[in-house]
Structures are given as structure tokens and as C-alpha cells.
Amino acid sequence: MMTDKLILKGRKIVTGKASGEAVVTREAISFNGGVDNMTGIVTEPGHEIEGVNIAGKILVFLTGKGSTGGSYKIYDMVSRGTAPVAFVQVSPEGVTTIGAIIGNIPVVAGLDQDPTHVISNGDFVEVDADAGTVSVTIRDASGSS
């Protein structure tokens, strides 16, 4: 069986490499009040991925939102092992970028395709921020990958 693979090219925001299962949202996310730093579960009421655990995942999202306290929440999540292992963003901003820098979370943005449209929940994603690439192994919809 052939597995579909997609390579996205963008730019490094924060150095590093990581891989894992994608969690995708087309909504902005707040790490200060919208994510439980103790568990990694998205808690913002009505959020597209409310109730989803992002710990150890590749978080593919539009952008961050909220106060600068979110940067420290991201760092706290890293120290607790509840943070995503990488961020793939449409539009980087200060809060998530600073959190990623202090938490050593690789970040890629400015991709040649909108990652929130071409990556799906459960796809296997490899982020090489230094090269500015995101390699996506498309999850087999039949579940027999």
C-alpha cells in the first residue's frame, strides 16, 4: 500500500527538529487560560479542539492569542512534559514564539501551503525547523497504514 507524503516549505521561527502526530486547529489558541498546563488539554470553551490533549503532539494552528503569560505557560508545560513537541503555524506572533524559544520547541511558519488545510488530525508530521520543512505522512483514512 502506498502512503501519501507531502513536503511543505517555509521558514524557521525557532530552531530544532521534532516528529509526532498532528493536532490541527484553524482557530487561534491561548496558552494562558485556554490550555491546562498540568495536562496539556485544551480547555477554552467552544474552541475547535476543546478537550483534546496536545501533549507530545505537533500542534498545527493559525496563531497564538492572549497575554504574555501564555509564554510562561508554554515553558511550564515543557517542564511538566505536557507541551506539544513542535508548532506549525500560519502566522507566528510573540507569545507563542517566546514560549517556544524558552521551551526549546521547534517552530516553522510561512509555509507554501496553509498547514491547517493540508494537514489533518492524526497525520504523522516531521518538523525540521532549521531547514524550514514540514514533512507530512498522510494518515490512511481506512486505518490500515
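This short talk describes the sheet, the helix pair and the aromatic residues of one predicted model.

Good morning. The structure is a predicted model, in which local features need pLDDT of at least 70 and side-chain atom pairs count only at pLDDT 80 or more, while totals for chains, interfaces and linings use all residues. Residues are numbered from 1 along each chain as its sequence is written, and side-chain values use heavy atoms, with hydrogens and water left out.

I begin with the sheet. Eight strands form an open sheet of mixed pairing, in the order S1-S10-S9-S3-S6-S7-S8-S2. Strands here are DSSP runs of E with at least two residues, helices are runs of H or I with at least four residues, and both are numbered from the N terminus. Two strands pair if DSSP finds at least two bridges between them. Strand S1 (5-9) and strand S2 (11-14) stand at the edges with a single partner strand each, so one side of each has no neighbour in the sheet. On average, neighbouring strands of this sheet are turned by 30° against each other, direction ignored.

S3 (residues 17-25) runs parallel to strand S6 (residues 58-61), and four bridges join them. Within this pairing, Val23 has Leu59 in S6 as its bridge partner, and Thr25 stands opposite Phe61 in S6. S3 also pairs with strand S9 (residues 124-128), here in the antiparallel sense and over five bridges; Gly20 stands opposite Val125 in S9. S6 in turn is joined to S7 by four bridges, and these two strands run parallel. There, Val60 stands opposite Val88 in S7.

Is Lys5 buried or exposed? Lys5 counts as exposed, at 52% relative accessibility; the cut-offs are under 20% relative accessible area for buried, over 50% for exposed and partly exposed in between, with a 1.4 Å probe and protein chains only. Leaving aside residues up to four places away in sequence, Lys5 touches Glu126, Ser135, Val136 and Thr137, where contact means heavy atoms within 4.5 Å. Lys5 and Phe124 are 119 residues apart in sequence, yet their C-alpha atoms are 9.5 Å apart in space.

I turn now to strand S7 and the aromatic residues. In S7, Ala86 and Val88 point one way, Phe87 and Gln89 point the other way, and all are buried. How many aromatic pairs does the model contain? The count comes to two aromatic pairs, under the rule that rings of Phe, Tyr and Trp (its six-membered ring) pair if their centres lie within 6.5 Å, with planes under 30 degrees apart counted as stacked, over 60 as edge-to-face and the rest as tilted. Phe31 and Phe87 form a tilted pair, at 5.8 Å centre to centre and with 35° between the planes. Phe31 lies in the loop between S3 and strand S4 (35-36) and Phe87 lies in strand S7, so this pair ties together parts that are 56 residues apart in sequence. Phe31 is buried at 2% relative accessibility, and Phe87 is buried with a relative accessible area of 0%. The pair of Phe61 and Phe87 is edge-to-face, because the planes stand at 85°, with ring centres 5.3 Å apart. That pair links Phe61 in strand S6 to Phe87 in strand S7, 26 residues apart.

My last topic is the helices. The axes of helix H1 (residues 69-80) and helix H2 (residues 94-103) come within 7 Å and cross at roughly 30°. Axes are lines fitted to C-alpha atoms, for helices over the stretch in contact, and angles run from 0 to 180 degrees between N-to-C directions. In H1, Gly70, Ser71, Tyr72, Ile74, Tyr75 and Val78 meet a set of H2 residues that includes Val95, Ile98, Ala100 and Ile102. The residues of this contact divide into eight nonpolar, six polar and no charged, with Ala, Val, Leu, Ile, Met, Phe, Trp, Tyr, Cys and Pro counted as nonpolar, Asp, Glu, Lys and Arg as charged, and the others, Gly among them, as polar.

H2 also lies across S2, S6, strand S7 (86-89) and strand S8 (107-109), running at about 70° to S2. Thr97 has its place in helix H2 and counts as buried at 15% relative accessibility. Not counting residues up to four places away in sequence, Thr97 touches Ile13, Val14 and Pro92. Thank you.
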